[in-house]
Amino acid sequence: MQNEWYRRLAQDKNKTVNTSQRIWRHAMALFLAVTALLSLAGCRADMQNQPYQRPLAESDFYADKRAARTLVEGTVARGYERADAYFYTGKMGNQDGNYMPFPVTAQVMQRGQQRFNIYCAPCHGETGDGNGMIVQRGFARPPSYHSERLRKAPVGYFFDVMTNGFGKMLNYSQQIKPEDRWAIAAYIRALQLSQGATRADVPAGQAVAGAPPAGVVIEPPYDTQGATPQSAPAAQGGKP
């Protein structure tokens with residue numbers, strides 16, 4: 001009987017130990033799971049609410065005190081690989097190129113005319129003579145595209161000036177896409193040809209047009225400086 005009692009006592013102890021071990025293992029597993037979740041939640045919160053510097057703000061961390069840092073040398077932003085150097089600069093080495101990087105179609109010329117009239121004509125005039133609207137109001141007059149110097153200028157020269165600016169003209173690299181700058185350059189060349197063409201340039205057997213094509217309306221010139229002799233009464237109280 002005594003041996004049986006000891007045997008049952010040993011069994012009860014084993015059950016108690018096994019139960020305690022199971023409870024301990026479950027508790028540890030729960031603890032580790034909670035710790036992992038808290039760690040992940042904390043990491044996500046740090047990434048969402050991490051400290052940052054406003055653009056152009058001062059920073060005591062860097063020696064030059066600038067919070068905004070320059071890009072690491074060789075960094076290429078997505079979509080800005082610029083693999084075709086001529087397309088983005090208009091230059092071959094240090095020289096202006098004299099060819100279009102893509103075929104000039106009617107659509108390209110239409111696009112060039114549209115962009116030219118928006119961005120260039122206010123200064124250069126719709127015919128490229130340098131007498132645009134704001135020039136008539138006192139702004140410095142740019143050179144005419146029909147001067148001998150610019151007639152001989154390579155087409156890449158016009159692209160480069162639009163990209164980097166020249167003299168009083170600021171660059172238009174942010175306002176006009178590269179392909180549109182090339183379209184404008186092609187249209188400038190067409191303006192030069194149109195203003196300097198002679199009958200000898202017309203192919204044999206083709207008549208010289210005596211009037212604009214059907215549907216093309218050429219507006220009469222107008223005075224942007226104010227009253228003209230015909231409109232003088234308006235300045236004296238008449239209808240404008």
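Residues are numbered from 1 along each chain as its sequence is written. In this predicted model, local features need pLDDT of at least 70, side-chain atom pairs count only at pLDDT 80 or more, and totals for chains, interfaces and linings use all residues, while side-chain values use heavy atoms, without hydrogens and water.

Across the whole structure, a search finds eleven aromatic pairs (rings of Phe, Tyr and Trp, the last by its six-membered ring, with centres within 6.5 Å; planes under 30 degrees apart are stacked, over 60 edge-to-face, the rest tilted). One of them joins F61 and Y62 edge-to-face, at 5.0 Å centre to centre and 85° between the planes. F61 is exposed because its relative accessibility is 71%, whereas Y62, at 31%, is partly exposed (buried is under 20% relative accessible area, exposed over 50%, partly exposed in between, with a 1.4 Å probe and protein chains only).

Y145 and F158 also form an edge-to-face pair, because their ring centres are 5.8 Å apart and their planes lie at 85°. Both residues are buried. Together with F116, Y157 and Y187, Y145 and F158 form one aromatic cluster.

Helices α3 (residues 106-124) and α7 (residues 178-196) pack with their axes 7 Å apart at an angle of about 90° (helices are DSSP runs of H or I, at least four residues, numbered from the N terminus; axes are lines fitted to C-alpha atoms over the stretch in contact, and angles run from 0 to 180 degrees between N-to-C directions). Residues in the contact include F116 of α3 and Y187 of α7 (heavy atoms within 4.5 Å).

Technical notes
Helix = DSSP H or I, 4+ residues; strand = E, 2+ residues; numbered from the N terminus.
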